[in-house]
Amino acid sequence: MLNIARKELKSMFASPMGWIILALLTFSFGTYYLNGVNNYFEVMSGSIRPAERIGVTQFVGQTVYGLASFIMLFAVPLLSMRLISEERRSQTMPFLFSAPLSITEIVVGKFLGLVVFLSFLVVYIAAMLSTLNIWADIDFGYIFANSLGLLLLVSSFAALGLYFSSLTAQPIIAGILSFIALFVLMILDRFFAGDPTSTMLKFSLMRHFQSFAGGLIDTADLAYFGLFILTFITLTIRRLDADRLRG
Amino acid sequence: MANLTVEAIELTRMYGGRAAVSDVTFSLQQGQVLGFLGPNGAGKSTTMKMLTGNLAPSAGSVRICGIDMIENPKEAKALIGYLPEMRPLYKEFTVDEYLTIAARLHNVSGKHLKKAVEHAKERCGLTHMSKRLIENLSNGYQQRVGIAQAIIHNPMVVILDEPTVGLDPIQIRDIRALIKEIGQAHSVIVSTHILPEVEMVCDHVQIIDKGKLVFNGGIDVLKQQRVGNKLLVGFRHPPEAAQLAAITGVAEVEPADGMWRIRFQEGTQPHEAIVQAAVQNGWGLYHIAPDQTSLEDVFVQLTYQEPETAADLAKAA
């Protein structure tokens with residue numbers, strides 16, 4: 001399992017795709033971070049009432065994590081689309097199937113590989129925000145909650161992307177499909193904003209991320225992300241098992 | 001029976017309503033090289049996929065060294081090295097990287113990893129290609145990487161689906177030698193279209209047609225078939241066919257491109273009688289040689305003959 005994860009990680013870095021995405025994301029997060037820091041004093045000196053004054057961690061964190069959750073929507077499908085469909089296209093699936101590995105290990109290994117890659121970014125963002133500590137006294141709990149939330153969010157993206165990747169032999173189709181699916185799940189809460197009691201709202205990924213973004217770690221949200229990931233991994237395993245059974 | 005490495009029992013695979021492979025039963029012992037022959041679409045690759053656990057059989061079972069592939073797939077797969085028809089290569093890696101991954105996936109422990117990779121490269125003649133990207137290798141070298149990948153964990157059973165496709169003659173010779181070498185200690189199953197290859201490397205042959213096993217036996221049985229009981233004889237002053245047919249032991253005479261094809265009766269050797277008759281009558285003998293049916297002919301015969309004769313032959317084997 002770890003070997004598969006290792007292999008995925010290696011192939012992520014063997015192609016320019018991984019490096020380009022890393023570079024672009026790093027660049028955009030860095031820019032937002034700098035903007036956040038620059039704007040902080042301007043905005044804060046403008047706000048007179050104490051209720052409007054928020055800490056620097058939250059102010060900069062909001063911008064960066066807000067952007068991160070949105071930009072990952074594009075980045076994760078780009079990375080996840082290759083996971084299985086590329087193997088199908090280049091006929092390398094038998095290589096994994098004839099190795100002494102169960103299908104569960106193959107799928108979970110691939111998922112872990114991608115999550116480890118994405119966690120580099122999460123750690124990077126957290127490290128970047130922690131540098132604020134040099135000038136200010138920052139709220140590490142807030143950063144931790146946000147990092148955890150972001151990690152769970154991108155893991156969910158990855159699980160869904162992995163499933164769509166197992167459906168087709170064309171990476172591009174897998175990428176587009178997972179992007180659309182993720183997008184729908186993200187904006188569900190906009191669609192049903194009029195009715196706050198709607199069950200559909202419960203499915204929105206973004207809504208569950210919101211509480212993490214506020215610095216709140218809620219077991220209900222943890223369970224939601226956990227179940228989301230588990231569901232799509234199970235579906236992927238079943239899909240690959242069907243390959244073996246039906247040929 | 002302890003050294004049976006592969007047992008396939010009544011393997012059947014249905015695609016839709018059509019049976020791609022039906023009722024294939026065979027076994028293989030340690031130290032044997034099995035050649036798997038058959039026309040396109042006969043079910044060779046499907047059988048191999050089932051043997052390696054890439055495809056679940058509709059019925060029947062596979063046992064590798066006594067371990068059931070369906071019940072304990074992990075243990076069974078650990079004993080197999082498989083090169084599918086389409087080379088499963090990750091082209092973005094170098095040869096070394098790829099082989100290291102292959103070794104790790106097959107549970108080669110960290111200590112032996114380097115040695116295993118070096119050994120596999122050496123055996124497949126890849127040592128000087130270690131740092132090259134697989135993408136940039138020629139077809140033949142890619143094929144070698146595929147074979148190296150299949151033997152890296154020193155498996156009990158090596159299954160190669162058309163291993164010599166795309167290789168140059170020298171490489172083919174090397175690979176055949178390699179197959180023979182592996183076959184001494186372990187078991188090898190090779191599928192191929194190239195019939196002389198079977199004769200060279202295999203000591204057991206199976207011919208499959210339309211999903212059914214039509215021939216299963218030692219290579220010598222097939223060779224016997226091939227040499228047959230015919231002589232091709234050429235004369236400068238050809239006699240009447242009846243005169244030839246009169247020689248004891250001759251069963252049938254038929255003309256063939258200005259020469260005569262003489263088939264003799266079972267268990268007789270009329271070569272000398274023919275030569276003597278030719279000298280006495282001044283027929284001007286200039287050519288006498290065993291008329292070999294090519295392996296292709298035997299193959300065609302086996303795959304296109306009536307079902308009952310095929311069964312007879314299988315019994316004879």
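A residue is counted as buried if 20 or more other C-beta atoms lie within 10 Å of its own, as exposed if 12 or fewer do, and as partly exposed in between, with C-beta atoms placed from the backbone. By this criterion Thr52(B) is buried, having 25 other C-beta atoms within 10 Å. The structure is a predicted model, in which local features need pLDDT of at least 70 and side-chain atom pairs count only at pLDDT 80 or more, while totals for chains, interfaces and linings use all residues. Residues are numbered from 1 along each chain as its sequence is written, and chains are lettered from A and ligands numbered from 1 in the order in which they are written.

The model has an ipTM of 0.84 and a pTM of 0.82. The average pLDDT (the predictor's confidence in each residue, from 0 to 100) of chain B is 81, and 88% of its residues score at least 70.

Secondary structure was assigned from DSSP runs, numbered from the N terminus, with helices being H or I runs of at least four residues and strands being E runs of at least two. Chain A contains 10 helices and zero strands. Along the principal axes, the C-alpha atoms of chain A fill a box of roughly 70 × 45 × 30 Å. Buried residues make up 42% of the 247 residues of chain A. Two residues are taken to be in contact if their C-beta atoms, placed from the backbone, lie within 7 Å. Of the contacts in chain A between residues at least 6 apart in sequence, 79% join residues at least 24 apart.

Chain B has 12 helices and 14 strands. Of its 317 residues, 42% are buried, and 69% of the contacts between residues at least 6 apart in sequence join residues at least 24 apart. Chain B is divided into domain 1 (1-79 + 155-171 + 178-226), domain 2 (90-154) and domain 3 (229-290), with bounds that come from an automatic or database domain assignment. A distance of 57 Å separates the C-alpha centres of domain 2 and domain 3 of chain B.

The contact between the chains takes 23 residues from chain B and 18 residues from chain A. On the side of chain B that touches chain A, two or more residues each are given by α2 (73-77), β6 (80-83) and α3 (95-105) of chain B. Of the elements, α3(B) gives the most to this side, with three residues. The residues of the side of chain B that touches chain A comprise 14 nonpolar, five polar and four charged, where Ala, Val, Leu, Ile, Met, Phe, Trp, Tyr, Cys and Pro count as nonpolar, Asp, Glu, Lys and Arg as charged, and the others, Gly among them, as polar.

Helix α3(B) is largely enclosed by the rest of the structure, because 10 of its 11 residues are buried. Among the buried residues of α3(B) are Tyr98(B), Leu99(B), Ile101(B) and Arg104(B). The buried residues of α3(B) pack against α1 (2-14) of chain A, and also against α4 (110-123) and α5 (139-151) of chain B. Asn107(B), which follows α3(B), has a positive phi near 60°.

Thr52(B) is located in the loop between α1 (44-51) and β4 (59-64) of chain B. Not counting residues up to four places away in sequence, Thr52(B) touches Ser98(A), Ile80(B), Tyr82(B) and Ile159(B). Thr52(B) and Tyr82(B) are 30 residues apart along the chain, and their C-alpha atoms are separated by 7.0 Å.

Strands are treated as paired if DSSP finds at least two bridges between them. Strand β7 (residues 157-161) of chain B is largely enclosed by the rest of the structure, because five of its five residues are buried. On one side of β7(B) these are Val157(B), Ile159(B) and Asp161(B), and on the other Val158(B) and Leu160(B). β6(B) and β7(B) run parallel and are joined by four bridges, with Tyr82(B) opposite Ile159(B). β7(B) also pairs in the parallel sense with strand β8 (residues 187-191) of chain B, over five bridges, and here Ile159(B) stands opposite Ile189(B).

Two antiparallel pairs of chain B form hairpins. Strands β9 (residues 204-209) and β10 (residues 212-218) of chain B are joined by six bridges and run antiparallel; Phe215(B) is the bridge partner of Ile207(B). Two residues lie between the strands of this hairpin, in which Lys210(B) takes a positive phi near 50°. Strands β12 (residues 250-256) and β13 (residues 259-264) of chain B pair in the antiparallel sense over six bridges, and Glu254(B) has Arg261(B) as its bridge partner. The hairpin of β12(B) and β13(B) has two residues between the strands, and Asp257(B) in the turn has a positive phi of about 50°.
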